[in-house]
Amino acid sequence: MGAGIALVCARKGHRVRLLDANPSALDKAQSYLASTLSKEVAKGRLTEQEKEEICQAVEPVQEIQRLASCDIVIEAVSERLDLKKSIFRTLTEICRQDALLLTNTSSLSVTEIAGGLDHPKRILGMHFFNPAPVMPLVEVIRGKQSGEREAQQVYEFAKELGKVPVYANDTPGFIVNRVARPFYNEALRILQDRIAPVETIDRIMKQAGGFKMGPFELQDLIGIDVNFAVTESVYENFFHDGRFRPSRIQQRMVQAGTLGRKSGEGYYEYDK
């Protein structure tokens, strides 16, 4: 997701520092950028020179201190509250007070991420959807201490990126992931009750329901671990409301490491 967001920003002329402590992850991200842009060149949507300029606009870095001079920081690590809080603690120490510090969390509390940190007005959610270069919607999430002026800045930034921003208050799952839980959970219950197999459920949702992807295809694309973590978060933060109870099917798949497209196997099998 981080590489996709970097690509969205670089295509709009922004200089981007793409941070990951793991050099192999940065190599993979750069390969993704080059591959995605090459497809755009092949379709006549970009020239080779424009592709090179966009690639050069993304600078891979491994130390968080390299973000100290950035105007906007968008965090996109895994859905772990302790990890996000640690990152934002460091960002508030090294970045300017007027820098916007944004989390791409899909379900965690922005209020809790910002809790106890200095200058919390500048900490908000900016939630992209996967794949970030394709999906137009961006949720702008205001935590309890987020500033209205800062929220407006994030909203305008999303528009400038060519996205369709919507404001959301800081509730579990925000808008889209709260609405989407029944889409995934009921599909998993149908599977668990042996009413229909994966392929049939996906086919029906596409052919009869008009969805571009079925619930299992979409989980494989998002990452089953990511989807499961969001469901767990929403379930816990709604005080174990049964509507949002996670599925044991998903839990077992996460435990087995069958995470969807990124692992080569999920509900379907893929070439690695």
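## Polar contacts of E79

A polar contact is a pair of N or O atoms within 3.5 Å; within protein, one must be able to donate a hydrogen and the other to accept it, and residues adjacent in sequence count only if both atoms are side-chain atoms. The side chain of E79 makes such a contact with the side chain of S107, at 3.2 Å. A polar atom of the E79 side chain also lies 3.2 Å from the backbone nitrogen of S106.

The model is predicted: local features need pLDDT of at least 70 and side-chain atom pairs count only at pLDDT 80 or more, while totals for chains, interfaces and linings use all residues. Residues are numbered from 1 along each chain as its sequence is written, and side-chain values use heavy atoms, with hydrogens and water left out.

E79 is placed in the loop between β3 (72-75) and α4 (81-94); helices (H or I, at least four residues) and strands (E, at least two) are DSSP runs numbered from the N terminus. With a relative accessible area of 18%, E79 is buried (buried means under 20%, exposed over 50%, partly exposed in between; 1.4 Å probe, protein chains only). Leaving aside residues up to four places away in sequence, E79 touches K84, T105, S106, S107, L108 and A229, where contact means heavy atoms within 4.5 Å.

## Aromatic pairs

Rings of Phe, Tyr and Trp (its six-membered ring) pair if their centres lie within 6.5 Å; planes under 30 degrees apart count as stacked, over 60 as edge-to-face and the rest as tilted. By this rule there are five aromatic pairs. The rings of Y155 and Y167 are stacked, because their centres are 4.8 Å apart and their planes stand at 25°. Y155 belongs to helix α6 (residues 148-160) and Y167 to strand β7 (residues 164-169), so the pair ties together parts that are twelve residues apart in sequence. Both are partly exposed, Y155 at 22% and Y167 at 28% relative accessibility.

F216 and Y267 form an edge-to-face pair, 4.7 Å centre to centre with 70° between the planes. F216 lies in helix α9 (residues 215-222) and Y267 in the segment after α11 (248-256), so this pair ties together parts that are 51 residues apart in sequence. F216 is buried at 0% relative accessible area, and Y267 is buried at 13%. One aromatic cluster is formed by F183, Y184 and F211.

The ring of Y167 also has the charged end of R142 over it, 4.5 Å from the ring centre. A charge sits over a ring if NZ of Lys or CZ of Arg is within 6 Å of the ring centre and within 35 degrees of the ring normal.

## Helix α9

The buried residues of α9 are P215, F216, E217, Q219 and D220. They pack against α7, α8 (198-207), α10 (224-237) and α11. G223, with a positive phi near 110°, follows α9.

## Backbone features

N130 and P131 are joined by a cis peptide bond, with omega about 0°. P131 is found in the loop between β5 (123-128) and β6 (137-142).

R194 is not a glycine, yet has a positive phi of about 60°. R194 lies in the loop between α7 and α8 and is exposed, with a relative accessible area of 78%. F239, also not a glycine, has a positive phi of about 55°. The loop between α10 and α11 holds F239, which is exposed at 76% relative accessibility.
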